[in-house]
Amino acid sequence: AAIVEHVFHVKNVLVKPLCKDQMIPAVNGSLPGPTINVREGDTLVVNVINNSTYNITIHWHGVFQRKSSWMDGADMITQCAIQPSNNFTYRFEITGQEGTLLWHAHTTNLRATLHGALIIRPRSGGPYPFLKPYKEVLLIFEQWWDMDVGLIATRPAPVSDAYLINGLAGDSYPCSKNRMFNLKVIQGKTYLLRIINAALNKHLFFKIANHNVTVVAVDAVYTTPYVSDVMMLTPGQTIDALLTADQPIGSYFMSISPYNSANQGSSVPPNTTTRGLVIYAGATSASPVVTPSMPGMDDESTAHRFSSNITGLVGGPHWTPVPRHVDEKMFMTIGLGLELCLHPDNTKHCLVGGEQQLSGSLNNYSFVLPKTISLQEAHFYNVTGVYTSDFPNEPPLKFDYANFRAHNDSEGKMMYPERKTSVKTLRFNSTVEIVLQNTKIVTSESHPMHLHGFNFYVLGYGFGNYDPIRDERKLNLVNPQMHNTVGVPSGGWVVLRFIADNPGTWMFHCHMDVHLPFGMIMAFIVQNGPTPETSLPPPPSNLPQCTRDPTLSES
Ligand code: C2O
Ligand code: CU
């Protein structure tokens, strides 16, 4: 195994995806940022030099970080941010996984421009569990705002101006016609598409006119080959898929468009489909150009069919059978409520710009990031007062979550979640099962839930309220897909299972960036195992420290 070294210079640069130059923080001057190529078993070393004006961390999304939780790059969970004019070197091994992942900033909205691919190929000589493709092609989908990235976080969140494919907006927007992603193919050849949804807040449909693709991996886990004419990726999801140029010589558009189950009934707003072009060698300007017809923005059944039909590749590289015994069962509600102002009589609600603030919660706790020391340092050094260990295994109220009626919640228990820094402690090596129940308390939308440090088996998906008597026996314990991120359908549920065999502090959160400041986060602390090899090592000596004034009141 090799040591792969990179230097990430983060600085503000001018880019122009649409009509005007826009200053953005970028790694090594490019949007998307540099691609990291490793082989399974390699050690990755990335020196992040922050010459931007922002506090940043870099997270290696989906990487297991075995015994290297300090390198996870989760702001205020595993480290304080790297401040301007400072640097920090991430160093960790990448073992037990292969496929396409991504790296991204893990500080408020900076993920919008600080992201790139992390490609893990099999150990030298190791083949893919599918026919060797002629070429590999990277497709990074991004969401673009023609404004200062600092402003994206304002509430309510401003609507984005474009989607980009590999930094290019294509012909659907003003000024970008000549900036379209072109994929040149040779008829008869097969290409491995490495697809990343790096959009901050949007699930995306992806389609290539007249072509099917064969999905072979999701979230860097091999799947049973799955043929589809359309794909759906939640924010943070990655898919490896084979594309065979099996159509008549010509040009075919590829399109991405948003999927948002919250917008049921409404039509797709203009300028939200971004196109790239697949051009066959030998195509002339007279060759036909075919456009794919995209699913509607609210096409829940297409999204659900694609997400739920994929199965894991039993017996493939790194496959392990589903553990049958469960040590810890959790039922977790996820959804948006409203923020209760701490008004003297506790009845008035927050009004900001005439709008009540949304508050995201898991089991009715809305997570507040620590301010002066990371959660993991507080855990490691036994610093008290930073967090509580009372994250509940169930929500405080049982009712019809999928069809929320406010009158069932007369005390506003689920409507106004409690703001807390609450963690769930897990025993080393315990098997955890979580039923995620999406509530429709304020909005109805799919939330892409992402777990740091582990992949989980997705045992089942469904709509409505999870019913153990009806649904448990339908769970797939044989060949479920494994993910690090799963879209939990609007007013629906997902059952996942994982083995807590990696000591450290791990975030579990919605991967729609806009829901992070709302508190749609919780954290697991996985305890040490019995030996030094199964224990969290001390932090690196140069781990960034917070210098934020602890007396500053939270904003
Ligand atoms: Cu891709 Cu916690 O994030
Ligand atoms: Cu969400």
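Strand E7 (residues 99-105) runs antiparallel to strand E8 (residues 115-121), and 6 bridges join the pair. One position to look at is Leu101, whose bridge partner in E8 is Leu118. The model is a predicted one.

Strands E7 and E8 belong to an open sheet of 4 strands, ordered E3-E8-E7-E5. Pairing in this sheet is mixed. Strand E3 (36-39) and strand E5 (58-61) form the edges, each pairing on one side only. On average, neighbouring strands of the sheet are turned by 25° against each other, direction ignored.

Now step back to the chain. The protein chain is divided into domain 1 (3-309) and domain 2 (328-534). Their C-alpha centres lie 26 Å apart. Across the boundary, 38 residues of domain 1 are in contact with 39 residues of domain 2. On the domain 1 side, strand E15 (221-228) and helix H1 (300-309) each supply at least two of the touching residues. By class, that side has 14 nonpolar, 19 polar and 5 charged residues.

Next, the interior. In soluble globular proteins, nonpolar side chains tend to be buried together. The largest nonpolar core here holds 152 residues. Phe141, Leu436, Leu496 and Ala523 touch the most other members. Strand E31 (residues 492-500) gives the largest share of this core, 7 residues. Where does the core lie relative to domain 1 and domain 2? It lies between them, because both domain 1 (3-309) and domain 2 (328-534) give residues to it.

Finish at Leu436. Leaving aside residues up to four places away in sequence, Leu436 touches Met332, Ile334, Met449, Val488, Trp493, Val494 and Leu496.

Conventions: Residues are numbered from 1 along each chain as its sequence is written. Chains are lettered from A and ligands numbered from 1 in the order in which they are written. This is a predicted model: local features need pLDDT of at least 70, side-chain atom pairs count only at pLDDT 80 or more; totals for chains, interfaces and linings use all residues. A nonpolar core is a set of buried Ala, Val, Leu, Ile, Met, Phe, Trp, Tyr and Cys residues joined through C-beta atoms within 7 Å. A residue is buried if 20 or more other C-beta atoms lie within 10 Å of its own, exposed if 12 or fewer, and partly exposed in between; C-beta atoms are placed from the backbone. Domain bounds come from an automatic or database domain assignment. Two residues are in contact if their C-beta atoms, placed from the backbone, lie within 7 Å. Two strands pair if DSSP finds at least two bridges between them. Axes are lines fitted to C-alpha atoms, for helices over the stretch in contact, and angles run from 0 to 180 degrees between N-to-C directions. Ala, Val, Leu, Ile, Met, Phe, Trp, Tyr, Cys and Pro count as nonpolar, Asp, Glu, Lys and Arg as charged, and the others, Gly among them, as polar.
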